[in-house]
Amino acid sequence: MLRWLVALLSRSCLVSKGGAMFYAVRRGRRTGVYRTWAECQQQVNRFAAASFKKFATEREAWAFVNGGTPEEHREHQQQQQQPRPADAHGASAVTQENVSQRVESKEDLLCCSTCKRPYEQSANEEHTAKRAKHDEVHLAPTVSGDKFSYMGDFAVVYTDGCCSGNGRNRARAGIGVYWGPGHPLNISERLPGRQTNQRAEIHAACKAIEQAKSQNIKKLIIYTDSKFTINGITSWVDNWKTNGWRTSSGGSVINKEDFERLDSLSKGIEIQWMHIPGHAGFQGNEEADRLAREGATK
């Protein structure tokens, strides 16, 4: 705590100059505020549940590191400048992390308005698997001349899958892959084969990787709201292969063929899997969801 206070007080709160930004790491190998994306990336790359964000001012960056959002920080400053009633008691601040956790919990319990099922804890899910990286604050990528968006030297893509009537005889599943506004590689397709939401999520990621390889992309960040897909490919698949595609409880892996394909496609390309809360207002995720829903109608 003392080190944190000293670090906070020792840093100026100036607006960045010359277009430079401040990169705040709330959860990572070393928390703090960094001046370059490369330094920030060292702290969050492959760090489970990393939390980071880019800011224009150092004051806002440190406010985020210390558990608040820039909006809360500004509101707090305004409240300090206004007289408060003697009997007023301020409620504890709600951090962006807590908001994100509530959004995820809601996603786990509720369906979306058209096609998504609640997050399924099926027989082939390993409950003890470690969490994949979770970028709940979502840095905005930069767009290059080739129309691909990049974070560092990683191309960025959003994938989503959905299934109306999931688990029923007349289910219709679709996949969506979103590279950016008007990008020629944006995909909206009907899912072939067994119509389920989980298969749609997996095959949307497969399609994105296929497209990336066709464009000679060597490093790829995949944003998806499917924890099942992320955990499956990053934590469970190696154990499944070792155990003859059996779960820890001895049951058969339901999506064996789907994960075999995803595992095979993931070779020869460096992929960072990033979870993003679904239906939380992130444009890339919303667009991928729209494409998936359109695909399900085809």
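Helix α6 passes helix α8 in a left-handed crossing, a term used when the near helix is turned anticlockwise from the far one by less than a right angle, with clockwise giving right-handed. The structure is a predicted model, in which local features need pLDDT of at least 70 and side-chain atom pairs count only at pLDDT 80 or more, while totals for chains, interfaces and linings use all residues. Residues are numbered from 1 along each chain as its sequence is written, and side-chain values use heavy atoms, with hydrogens and water left out.

Helix α6 covers residues 197-214 and helix α8 covers residues 256-265. Helices (H or I, at least four residues) and strands (E, at least two) are DSSP runs, numbered from the N terminus. The two helices pack at an angle of about 25°, and their axes are 10 Å apart. Axes here are lines fitted to C-alpha atoms, for helices over the stretch in contact, and angles run from 0 to 180 degrees between N-to-C directions. The angle makes α6 roughly parallel to α8; angles under 35 degrees count as roughly parallel, over 145 as roughly antiparallel, 65 to 115 as roughly perpendicular and the rest as oblique.

On the α6 side, the contact (heavy atoms within 4.5 Å) is made by Arg 199, Ile 202, His 203, Ala 205, Cys 206, Ile 209, Glu 210 and Lys 213. Helix α8 contributes Asp 258, Phe 259, Arg 261, Leu 262, Ser 264 and Leu 265. Sorted by class, the contact of α6 with α8 has 7 nonpolar, 2 polar and 5 charged residues. In this scheme Ala, Val, Leu, Ile, Met, Phe, Trp, Tyr, Cys and Pro count as nonpolar, Asp, Glu, Lys and Arg as charged, and the others, Gly among them, as polar.

Glu 210 and Arg 261 also form a salt bridge through their side chains, at 2.7 Å from N to O. A salt bridge is a side-chain nitrogen of Lys or Arg within 4 Å of a carboxyl oxygen of Asp or Glu. Glu 210 lies in helix α6 and Arg 261 in helix α8, so this pair ties together parts that are 51 residues apart in sequence. Glu 210 is partly exposed, with a relative accessible area of 29%, and Arg 261 is partly exposed at 32%. Buried means under 20% relative accessible area, exposed over 50%, and partly exposed in between (1.4 Å probe, protein chains only).

By the same rule the count comes to 12 salt bridges. One of them is formed by Glu 294 and Arg 290, whose closest N and O atoms are 2.9 Å apart. These two residues stand 4 residues apart in helix α9 (residues 283-296), and are therefore separated by about one helical turn. Glu 294 is partly exposed, with a relative accessible area of 35%, and Arg 290 is partly exposed with 32%. Elsewhere, salt bridges that share partners join Glu 189, Lys 207, Glu 210 and Arg 261 into one network. A further salt bridge links the side chains of Lys 267 and Asp 263, at 3.2 Å from N to O. Lys 267 counts as partly exposed at 48% relative accessibility, whereas Asp 263 is buried, with a relative accessible area of 14%.

Helix α8 also packs against α7, at an angle of about 95° and with the axes 10 Å apart. That makes α7 roughly perpendicular to α8. Phe 228, Thr 229, Gly 232, Ile 233, Val 237, Trp 240 and Lys 241 in α7 meet Phe 259, Leu 262 and Asp 263 in α8. By class, this contact has 6 nonpolar, 2 polar and 2 charged residues.

Asn 216, in the loop between α6 and β9 (219-224), has a positive phi of about 60° although it is not a glycine. Asn 216 is exposed, with a relative accessible area of 53%. Trp 245, in the loop between α7 (227-242) and α8, has a positive phi near 60° and is likewise a residue other than glycine. Trp 245 is buried, with a relative accessible area of 12%.

Strand β10 (residues 270-275) contains Gln 272, which counts as buried at 7% relative accessibility. The C-alpha atoms of Gln 272 and Ile 222 are separated by 6.3 Å, although the residues are 50 apart along the chain.

For the chain overall, there are 9 helices and 10 strands. Of its 298 residues, 49% count as buried. Among contacts with a separation of 6 or more, residues 24 or more positions apart account for 68%.
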